[in-house]
There are 2 protein chains.
Amino acid sequence: MEIVEVAPRDGLQNEKKILPTEVKADLVRRSLDAGLRRLEVTAFARPDRVPQMADAEDLMAQVRDDPRLTSIGLVLNRRGLDRAIDAGCDEVTVVVVASEGLALRNQGVGTAAQIEAWHAIAPVARAAGLGTSVVVAASFGCPFDGEVPSERVLEVVEGVLADAPDEIALADTIGVGVPAQVRELVTGVKALAPDVRLRAHFHNTRNTGYANALAAIESGVTVLDASTGGVGGCPFAPGATGNIATEDLLYLLHRSGYATGADPALIAATGTWLAGELGLAQAPAQIGRAGWFPA
Amino acid sequence: MEIVEVAPRDGLQNEKKILPTEVKADLVRRSLDAGLRRLEVTAFARPDRVPQMADAEDLMAQVRDDPRLTSIGLVLNRRGLDRAIDAGCDEVTVVVVASEGLALRNQGVGTAAQIEAWHAIAPVARAAGLGTSVVVAASFGCPFDGEVPSERVLEVVEGVLADAPDEIALADTIGVGVPAQVRELVTGVKALAPDVRLRAHFHNTRNTGYANALAAIESGVTVLDASTGGVGGCPFAPGATGNIATEDLLYLLHRSGYATGADPALIAATGTWLAGELGLAQAPAQIGRAGWFPA
C-alpha cells in the first residue's frame, strides 16, 4: 500500500490559518522522516484565489533537493504546469470535477473543458519527464448537484483516458461516499483502465472515510491519500473534519495486515504538532490522543 | 437492521457530567420519537461504583409505560437482576469480559466467574419473562492484557452458550478492532451459535468503528449498538470519542441501502441537544454538523 501525504496541499488549503513557508517545509521533512515518500506538496494556482498556496515556488525550493521526496504539484492549466516544471516537481496532478456544479464553481469551466485542459497538459508534462495523475473530484457526490451517478463518473474517466495518465484518483471531495459506491466505482474504473494505477481520496466528513478507504483497497486500489492530523476542514461543511488522517489510516491498515513503510508514532506526533501550528484545539486524528494498540 | 440505542447507559456512564433523571427520560422519549425502539436504558449497579446510573429505578419509572419502548437493563449479578425485574425492564444484558485483566478491574472477578454469574442469572431472567443478551466485552483487545486472541473470545462464547441467551453481542469496549477481526470473530461465533441473534458494539476511539460496523453487518450481524451524538468518551483514553454515533451509523446504513426505521434528522438534533446538556463543545457525531447528503 502506498500513501500520498496531502496535508501540505489539500490539508492546509482548507484551513483558515496560513502557515509560514518554513513550517510547511518542516511538515514535508517530518513526513519524510516518518517514512512517507510521495507528497502533494503544493498547488500552482492563482495566489489571489488560493492564498494558502501563494508560496508554491518558495516551498518547493526548500524541499525539492531532498532525495527522499517524490513531489506532486497540483495544476489546473498550462500556466500552472509550467510553474510546476520550473519549481522542480516530480509529478503533476490535474483535477477534473465529475459534476458540472462544482466544476463551474471551483474552476469556472465545466467538466468537458477540464478534460480538454488535461489533454493539453498531458503531453507537455510527459515531455518534461513528469509523472501524471488525474483526480476525478466529486466522484461520490456534489455539494451543488447532489447525487453524481456512477455512469457519469465513468464517462469522465473515459474522457480522461483518451490520453491516459499514470494514475487515476477517485476523490470524495465533500465526504459523502459509502463503501458500496467505492466498490462500484473502483470496479468500473478498473474495467475501463486495467493498466492505470488507481488511487482514492476520502474525507471523513460524515464518518465514512475509513470504511471507504478499506473498501477501496479491497476493491483493488493501491494508493490512498491521507492528511497528517486529519487537518483540512471542508469549506462546504463548517466544523466538519477534513481528509482522512494519515495516522488513523495507518492504524487501520497496519492492524489489518497491510504494510506501508511509515512510522505511525512519528506521524501522530507530527499531527499533534501541526494542529498546534494551525491553532486547532486538537487534531481531528484520533491516534495522537487515543494511542496505538497494543501500546 | 436493528439499532440498540445505548446513549442512556453506555454513553452517559462514560461522561463526567451526571445528567438529571428528567433529562435522561427526555433522551429516551426523543429516541423513541425518532423511531428507535430498543434502548439500553440504564445499569443496575452499585451507586457508589457507578454514580451516573444511581437513578436506575427512577428513570425506568419515568419511561417504562411508553408502549413503544423495549427497555434493556444492564446487570452484573442476581441483585442487579432483581432490581431490573422490579423496575420493569423488558430485557437484561449481562457483561462477560473476554480478558482477565479488564474482567478483574471492571467487576473484581475473572472471566470464568462472570460466565457463572450469567448461568445463575439466565434461568431467573427467563422465568420472569425477560429477554436476555450477553455482551462479550473486550473481544477485540484489552487495555490491560493487550491482544485478545480470537480463540479466547470463542472459548468465552462457548462457555456462555452452555445456557444460550437470546442474543450475543461482541463488544469492542476500547475501540481497537479492525474489520478483519470483526469478520473472523463473527464467522466464528456464527459457527458456534447459528441460532443465536448476533449483535455488535463498537467505539470509534481510533476511527475504525464505522468500518467495523459495516464489516459486522456484511458478516451476518443484524443488531448494532450506537449512541446518539456519539457521546461516551472512553475512560481509558482521555479525549477519545465514545460509541459510534447513531446518526452517523444511520448515514452509513441508509446510504448503503439498509433500512432501520429511524429518522436521522431527529436523531442528529437529539445528538446536538444531548451534547449541550453534557456541556460538550460539540458532539462527536458528524452528521449534526455536516448535514445529510443529499441535503
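In this predicted model, the contact (heavy atoms within 4.5 Å) takes 39 residues from chain B and 39 residues from chain A. R206(B), N207(B) and F293(B) supply 23% of the area that chain B buries against chain A, more than any other three residues. Together the two chains bury about 3,000 Å², of which 54% lies on carbon and sulfur atoms; buried area is the accessible area (1.4 Å probe) that two parts lose on being put together, summed over both.

Four salt bridges are counted between chain B and chain A, a salt bridge being a side-chain nitrogen of Lys or Arg within 4 Å of a carboxyl oxygen of Asp or Glu. The side chains of R183(A) and E218(B) form a salt bridge at 2.8 Å, N to O. On the side of chain B that touches chain A, the elements giving two or more residues are helix 8 (179–192), helix 9 (209–219), helix 10 (246–255) and helix 12 (287–290) of chain B; helices are DSSP runs (H or I, at least four residues), numbered from the N terminus.

Within chain A, S219(A) lies in helix 9 (residues 209–219). S219(A) touches R183(A), V186(A) and K190(A), not counting residues up to four places away in sequence. Because its relative accessibility is 17%, S219(A) counts as buried (under 20% relative accessible area; exposed is over 50%, partly exposed in between; 1.4 Å probe, protein chains only).

Residues are numbered from 1 along each chain as its sequence is written, and chains are lettered from A and ligands numbered from 1 in the order in which they are written. Local features need pLDDT of at least 70, side-chain atom pairs count only at pLDDT 80 or more, and totals for chains, interfaces and linings use all residues, while side-chain values use heavy atoms, with hydrogens and water left out.
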